Amino acid sequence: MHTILGEDNAARRAPGETFSRSVRGHRDDYFFAGMSLVVFATVLMGFAHTYFLAGVFHAPLPSAIVHIHGALFSAWILLLPTQVALVSVGRVSWHKRLGIFGAVLACLMVVFGVLVTIDSTRRRFAPPGLDSATFLANDLMEMLVFALLVGWGLRVRRDGDAHKRLIVLATVALLSAAVSRWHFYFPAILRFPFLVGLIVDAFLVSLALFDLFTRPRIHRATLWGSLMVLLIFPVAFKFLGHAPFWQRFTEWVQR
């Protein structure tokens, strides 16, 4: 019955409607495949010096927690283009099965992301240009936004347009760690940490522009998801990082 009704509805559509949806689908496939590959390249370049080319599990990392953290986040970055490719070639059932693994992986990433942030703060580690309090605020904010966006994306997984945008935005929320390590190639980023935020924001602008060129308006998932990512920098750098209570909390963590 559903098949018959579906065919009947398809027959009643305007001739250009099916074509336009097909064109939009191909555009989405190309764009999100490209976006996932750029994300992959961003992470690869950021961590090549200290992690990937250093032997991954043989890399001289400070603790076992950091090794697990690196493996989990690397798996997520590999999962993103894989999931995009599966949808593009019509393997939606495989995409859904692998999505269960992705949901579990995201939960583990949040747990170990927080643990690594606490561990790094205790070791008084901070990226160039950041103090410990700001580093702690920024990383915890990133994990919070990542968790919220992934949770939202899983909730609306039946809405493909919203789902893929939210998962991509959740991944973009984590990119500052990779971009901040570009100072091995571009020393200017070492001197101006705010450039890291601008580079991450370029992903958000790209997604918004794609929406404007391919649909009547920016998708609501793009709009609200991007706003959440944009709030990470001002909240961490302008509010939490310099707040007296957060300074005391950071000192408590370090003790």
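Start at Phe 146, which is buried, with a relative accessible area of 0%. Keep in mind that this model is predicted.

Show both rings. This model has 9 aromatic pairs. Trp 76 and Phe 146 form an aromatic pair, edge-to-face, with 75° between the planes and 5.3 Å centre to centre. Next, colour the two helices. Trp 76 belongs to helix H3, residues 64-88, and Phe 146 to helix H5, residues 132-155. The pair therefore ties together parts that are 70 residues apart in sequence.

Move on to Trp 246 and Phe 249. Their ring centres are 5.0 Å apart and their planes meet at 45°, so this pair is tilted.

Switch to a surface view here. Is Trp 246 buried or exposed? Trp 246 counts as buried, at 11% relative accessibility. Phe 249 has 30% and counts as partly exposed, because that label covers values between 20% and 50%.

Last stop: select Arg 91 and Trp 94. Here the contact is between a charge and a ring. The charged end of Arg 91 sits over the Trp 94 ring, 4.9 Å from its centre.

Technical notes: Residues are numbered from 1 along each chain as its sequence is written. This is a predicted model: local features need pLDDT of at least 70, side-chain atom pairs count only at pLDDT 80 or more; totals for chains, interfaces and linings use all residues. Side-chain values use heavy atoms; hydrogens and water are left out. Rings of Phe, Tyr and Trp (its six-membered ring) pair if their centres lie within 6.5 Å; planes under 30 degrees apart count as stacked, over 60 as edge-to-face and the rest as tilted. Helices (H or I, at least four residues) and strands (E, at least two) are DSSP runs, numbered from the N terminus. Buried means under 20% relative accessible area, exposed over 50%, partly exposed in between (1.4 Å probe, protein chains only). A charge sits over a ring if NZ of Lys or CZ of Arg is within 6 Å of the ring centre and within 35 degrees of the ring normal.
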